Protein chains: 2
Amino acid sequence: MSKSQRELSLLKSVVRKSDRKIAMIVMDGIGGYRSLERPTTELEAARTPALDRLAKRASLGRTIPAVPGMTVGSGPGHLALFGYDPTEPEHQIGRGVLEAVGVDYPLGPNEIAARGNFVTLDANGDIRDRRAGRLASEEGIRVCERMQAAVSEPIEGVMVRVLPVKEYRFCLVLTGDGLSSALLDTDPQREGVPPLAPRGTDDSVSTRRTMTIFAIAITRMLAAIRDEIHANGFTLRGFSCDPGLESLTSRWGIRAAAIASYPLYRGVAKLVGMDPIATGGTLVDEFRAMFNIWNDYDFIYLHIKKTDSTGEDGDREAKIAAIEEADRFIDQLGDRTKEVIVIAGDHSTPPQMRGHSFHPVPLLIASPVCDVDEATRYTERECCRGSLGLMRACEVMQLAIAHSGRLDKFGA
Amino acid sequence: MSKSQRELSLLKSVVRKSDRKIAMIVMDGIGGYRSLERPTTELEAARTPALDRLAKRASLGRTIPAVPGMTVGSGPGHLALFGYDPTEPEHQIGRGVLEAVGVDYPLGPNEIAARGNFVTLDANGDIRDRRAGRLASEEGIRVCERMQAAVSEPIEGVMVRVLPVKEYRFCLVLTGDGLSSALLDTDPQREGVPPLAPRGTDDSVSTRRTMTIFAIAITRMLAAIRDEIHANGFTLRGFSCDPGLESLTSRWGIRAAAIASYPLYRGVAKLVGMDPIATGGTLVDEFRAMFNIWNDYDFIYLHIKKTDSTGEDGDREAKIAAIEEADRFIDQLGDRTKEVIVIAGDHSTPPQMRGHSFHPVPLLIASPVCDVDEATRYTERECCRGSLGLMRACEVMQLAIAHSGRLDKFGA
């Protein structure tokens, strides 16, 4: 048992009931950094009256998403915030599984999922366009249906399902006994070469059998889309099966809900046992949904995407605007002083870097028992001085649980 | 070997001699928190000229007693301050052992201890009062003597000892070969039901044998106190044996003494090899004792209880007064600038919560080699800014040892 597993099992041994709710608002990629040329971060430059008001009654700190220096994707970043150390081997989630649960496919224990990307192949079978001419979602659905028709018959007793995801992305699911996920990506990661054949990472019977079945399925599906102009080929990545994570309900005795419109976030949330709540997808819908279900859940996670996508575009002004927009919604949480409010990010996305980064992420916890810092704003600098200190993101959840009154005393 | 064990063994490999003394003053439950309604903590509100003077020449920081979010009892809280990670399985100490060593019983490796609570049973044998009418200590001693007389003969070669502790509490010790501590509490944790029979957590020969011996002893002792008005029954909890912790002397080469009048604290100190020093029990006695033995020991731990009990009572003013009282005694340490002075707490006890809490605990280390922070006071806020940072409590001891000059360089 690893140290963090041991610590968790001690925490679980003292869990008790409480009525205090926890709302965890994840502003994706919220963190940024100052440079001499840009002496304010986006959080500092934004007008954020609601976050300022929360900060004045909260404890602040910063999270390291996984390990110091490591830049994480949204999957590990979110897993950590939900309390699952993304560096533990049993917490590694394959891309295929994320896609499957993201489109609400109820992945079972005897299933293997892979993420598919449509590509455009040239006359030699080499990849000419890795995104199949930025295929529209409707087109993706149509091509998926053609592929599905080609594999409607089971292969050696194994069912094959083709699930459209979004644009040029789809998900392939194999259902059957004795399958293995020990397969390497077929994506060669560049253009001008053909997709790779599926290869195993071990030589077991189940891996070899799974390889064969994928090879047969791939041949049949390729034949079915040979005449497509853009999506006449595909690559497969992240062969994986459900990691069987302990649910938040089993761990903390809480009913948990997720309000996230992007598949990946909803997928991670479902893997840890949250109920996905369907919404129209705008912030208006999402915050309305949160208050609608407020009495039905102990823990509600709400995801805000735009703070990340604007950072990835390198668009500082748009990120500032995204923060200010989020702030107007967060304002509705301001007077919930009897509950636990967590404002966090899964990682930083500084516009200067046009992508995720390793910089620690600002964290805020407001609760009836929080130590009120001397902060006046939720910014990188104020969080740097906060009483929560610099902590691992995978410890945020247990702190939120503690603030909600759900942890009894350990030891005499 | 766990990470912390590995780190400790490296530290031990570079231990050297030094004459510098370490005084560790543990103000039980010292930490508190600010809220909007109470914008100062008790440490901030108290007049503490001695602590202020110390703070001006010290390094400050904060400790997490066990893991973030976890509220600990005084046992794990103290173990951590003495350098033993309370989350390690081999550092878990049963309640029975704590009671036994707390009343200065020299527990041996072939002994099992349990904590006993006298209860009042009604005519049906159900528990009517879980504290036996808040039995006086003299009464407890008398009833213990009656029980001891009933088990003066060994049972299957196993000796049974009944040790009075305080008020309605006693300690039961079994001495003999091949005993097991794998037994569940007989305390049903509520009134209106009878005490439970002793049951094993495994089915081994030694557990079944120990169960039988306890059952016989319980029957004989109950018969002996049947006619008591208040203490006509009892429950047993925390069956346990000496965990065999490495002593501070073996670990750091120091002679260590404990000045603590409450059994639990003296008990934990003895388990890590400190000599318990008998005192009259007041702070006057305790500080006098500390200076009396100053030249005979390298490390002296002194425990101050009232900062915790006032917090548990929810009495902010009393906690402030307890801090101010402690401060007047700590004043005597102020001019010991050549030694290491550690001011710490085993956990926080905010009056707002009327109990222990998970909030980090203020820490101060003054020594001839400490980095003098810009602090002017020993408070939560100043400690938040301190150069020691936010650390696990089980690392305080090795820092104190380092400040005392007892750690040589590691590596070339």
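1. The model is a predicted one, and within it the largest nonpolar core holds 245 residues, of which A:V342, A:I365 and B:V342 touch the most other members.

2. Chain B contains an open sheet of eight strands with mixed pairing, whose order is β10-β9-β11-β1-β12-β13-β2-β14. The edges of this sheet are formed by β10 (275–276) and β14 (389–392) of chain B, and because each has a single partner strand, one side of each is left without a neighbour in the sheet. As background, the strands of a sheet pair through backbone hydrogen bonds, and they may do so in a parallel or an antiparallel way.

3. At one end of that order, strand β9 (residues 256–259) of chain B runs parallel to β10(B), and two bridges join them; B:A257 has B:D275 in β10(B) as its bridge partner. Helix α10 (residues 283–293) of chain B lies across β1 (22–27), β9 and β11 (299–304) of chain B, and α10(B) runs at about 175° to β11(B).

4. A loop of chain B also deserves attention, namely the one between α12 (316–330) and β12 (340–344), where B:T337 is found. Is B:T337 buried or exposed? With 11 other C-beta atoms within 10 Å, B:T337 is exposed, since a residue counts as exposed when that number is 12 or fewer. The C-alpha atoms of B:T337 and B:P368 are separated by 6.4 Å, although the two residues are 31 apart along the chain.

5. Turning to chain A, helix α5 (residues 95–102) is largely enclosed by the rest of the structure, because eight of its eight residues are buried. These buried residues are A:R95, A:G96, A:V97, A:L98, A:E99, A:A100, A:V101 and A:G102. What covers them includes the helices α4 (74–81) and α9 (263–271) of chain A, together with the strands β3 (111–121), β5 (159–166), β6 (169–175) and β7 (233–240) of chain A. Just after α5(A), the residue A:D104 takes a positive phi of about 65°.

6. The domain assignment divides chain A into domain 1 (15–92 + 246–403) and domain 2 (97–240), and the C-alpha centres of these two domains of chain A lie 34 Å apart. Eight residues of domain 1 of chain A are in contact with six residues of domain 2 of chain A. On the side of domain 1 of chain A that touches domain 2, the largest share, seven residues, comes from α9(A), and the residues of this side divide into four nonpolar, two polar and two charged.

7. Between the chains, 22 residues of chain A are in contact with 28 residues of chain B. On the side of chain A that touches chain B, at least two residues each are supplied by α1 (3–12), β13 (389–392), α14 (396–403) and β14 (409–410) of chain A, and the largest share, five residues, comes from α1(A). By class, this side of chain A has eleven nonpolar, four polar and seven charged residues.

8. Strand pairing also links the chains, for β14(A) and strand β3 (residues 71–72) of chain B pair in the parallel sense over two bridges. Which residue of β3(B) does A:F410 stand opposite? The residue opposite A:F410 is B:V72.

Definitions and conventions. Residues numbered from 1 in each chain as written. Chains lettered and ligands numbered in written order. Predicted model: local features only at pLDDT ≥ 70, side-chain atom pairs only at ≥ 80, totals over all residues. Buried ≥ 20, exposed ≤ 12 C-beta atoms within 10 Å, placed from the backbone. Helix = DSSP H or I, 4+ residues; strand = E, 2+ residues; numbered from the N terminus. Contact = placed C-beta atoms within 7 Å. Core = buried A, V, L, I, M, F, W, Y, C linked by C-beta atoms within 7 Å. Nonpolar A, V, L, I, M, F, W, Y, C, P; charged D, E, K, R; others polar. Pairing = 2+ DSSP bridges. Domains from an automatic or database assignment. Axes fitted to C-alpha atoms, helices over the stretch in contact; angles between N-to-C directions.
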